[in-house]
Amino acid sequence: MIPLEWMPPLMFAGLIVFMLIGFPVAFSLMAAGLFFSAIAISEDFFGIPFLQAIPQRIFGRVLANDLLLAIPFFTFMGAILERCGLAEEMLDSMGQLFGRVRGGLGYSVIIVGFILGAITGTVAAQVIAMAMISLPVMIRYGYNMRYATGVLAASGTITQLVPPSLVLIVLADQLKTQSGSADVGSMYLGAWVPSLLQIALFALYTFFLSRIRPDHLPPVPESELTLTGWALWKKCLMGIIPSAVLIFLVLGTIMTGIATPTESGAMGAMGALLLAWLRRSSIPNLTGLIQEAYQNTMRITAMVVFILIGSTCFSVVFQGVDGGFWVEDLFSNLPGGWVGFLIIVNLFVFFLAFFLDFFEIAFIVVPMLAPVAVKLLSPVLLDSMNGNPQAAASAALVWFGVMLCVNMQTSFMHPPFGFALFYLRGVAPKEVKSSDIYWGALPWVGLQLVMVILVMAFPALVTTLLDKPAAVIESKDFNFTGNQEGKPETSSNKVDEDAPVTFQLDKPIK
């Protein structure tokens, strides 16, 4: 006889065992869910009809989910832009523009990484393209090897945070509770200030390193700077203007409410195809490029869908054995209140990222933590949301999601399993040592963790651009924190704290 309270931790332990055996994550999730569902049925924790929820949720929340259609569109757009020559032109022009100052090539990589992140949304494409173009140039001009590899990997992973990041789309889909939800537009608005601040931290680190170790970041010799004046600015604008148009097509239409994320992704994909056609003279095989982009999109989309199906199977069984209550009890009673919760969760996600991809973390961990995040973080934002509990709940999920997104950048960076480091190793020249790539990544991982601390300590960095709804009159009558003190005595019935609440102008109705 297995006690019910043992089942949730046993399911996590079983998932780890299946993964250690060597199963892919998607199939490990399915195997763990089905294995423990058999145990739960034999122990009479739930009956066989309960498992009908698995196909219903797969069809209802995965295959019929319009939001997830944005993933193949953005993936296709990034695959096209990776090979159309835009990155090469921007890196060359920015290198010419900043080449005269110490660390100029580093600044150009950071700026181009930010711009490409706002139009591609894929880490692999960005790291590979930028490393193939910039790393040989930085080596030729005497840049420190560890700085060069570190700045390329970090500038590639910033695409996880800069809208239209695929991570933000996935997190918006997973951060849904009965009290509130995080939509894609709000996630994009919330991520803008942290992404700009992240770029500023990278640039400041480059600036101070160029002053402390000037020999590590030398300027480009004047003889190598072939463009000046209007010719240089024209070349810069030829890369920036098409990027700005694509950014508006993708982000501007979402933020202005003209299009949904899926529709904006479709427009971005069409914009990328048009840009590739306009640059067809510099593309050896445009048809082959498009076919390769289709294949890459198909692989990534299939991977995401299979992980979603596996996580659905796991999460249904997990909820059936009261896993949600176990997670809430585990994280709600941490010392330090909401601060302790955020510290433990960020440490947990940081160490999970050593072994799991961001898709896996988002699909497995985030849905379990979302209800706890709403309960603990909403009161922190209640005043900034004009006392509106529903708005505070949604803003809390956006804050929590952006914080996790900043944290999950490190999954691509920290040794020994950072995928950005693998991509970099695959395209780096032979003279670049693997030890230089690993050691070079550590300062940038530290800067990303500093950004996590800043977002955790200053939620206004995320919520500043979010809509502030009108205050709810007499909202003090709503016991939002779950506290018994001050609760209205008009009803003796038990109220579900996670149930949605409907408001009218004069008073809340439960």
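The exercises below work through a predicted model of one protein chain.

**Exercise 1. Overall make-up**

Describe the secondary structure, burial and surface of the protein chain.

Solution. Begin with the secondary structure: the protein chain holds 21 helices and 2 strands. Next, take burial: of its 510 residues, 53% are buried. Then look at the contacts between residues at least 6 apart in sequence; 78% of these join residues at least 24 apart. Last, the accessible surface is about 22,500 Å², and carbon and sulfur atoms account for 66% of that area.

**Exercise 2. Confidence**

State the mean pLDDT of the protein chain, and say what the pLDDT is over residues 473-510.

Solution. The mean pLDDT is 78, with 87% of the residues at 70 or more. Over residues 473-510 the value is below 50. In the model, that stretch has 40 contacts beyond near neighbours in sequence.

**Exercise 3. The buried side of H14**

Which residues of helix H14 (residues 323-332) are buried, and which helices do they pack against?

Solution. The buried residues of H14 are Gly 323, Val 327, Phe 331 and Ser 332. They lie on the same side of H14, because the arc they cover around the axis is only 150 degrees. Their packing partners are helix H1 (7-21), helix H13 (286-320), helix H15 (337-352) and helix H17 (366-381).

**Exercise 4. Two loop residues**

Locate Phe 23 and Asp 44, and classify each as buried, partly exposed or exposed.

Solution. Phe 23 sits in the loop between H1 and helix H2 (25-42). Its relative accessibility is 41%, so Phe 23 counts as partly exposed.

Asp 44 belongs to the loop between H2 and helix H3 (53-63). With a relative accessibility of 65%, Asp 44 is above the 50% cut-off and therefore counts as exposed. Its backbone has a positive phi of about 65 degrees, although Asp 44 is not a glycine.

**Exercise 5. A pair apart in sequence**

Solution. At 46% relative accessibility, Ala 457 falls between the 20% and 50% cut-offs, so Ala 457 counts as partly exposed.

Note on methods:
Residues are numbered from 1 along each chain as its sequence is written. This is a predicted model: local features need pLDDT of at least 70, side-chain atom pairs count only at pLDDT 80 or more; totals for chains, interfaces and linings use all residues. Side-chain values use heavy atoms; hydrogens and water are left out. Helices (H or I, at least four residues) and strands (E, at least two) are DSSP runs, numbered from the N terminus. Buried means under 20% relative accessible area, exposed over 50%, partly exposed in between (1.4 Å probe, protein chains only). Contact means heavy atoms within 4.5 Å. Accessible areas come from the Shrake-Rupley method with a 1.4 Å probe; for residues, only the protein chains shown count as cover. The arc is that of the directions from the helix axis to the C-beta atoms. pLDDT is the predictor's confidence in each residue, from 0 to 100.
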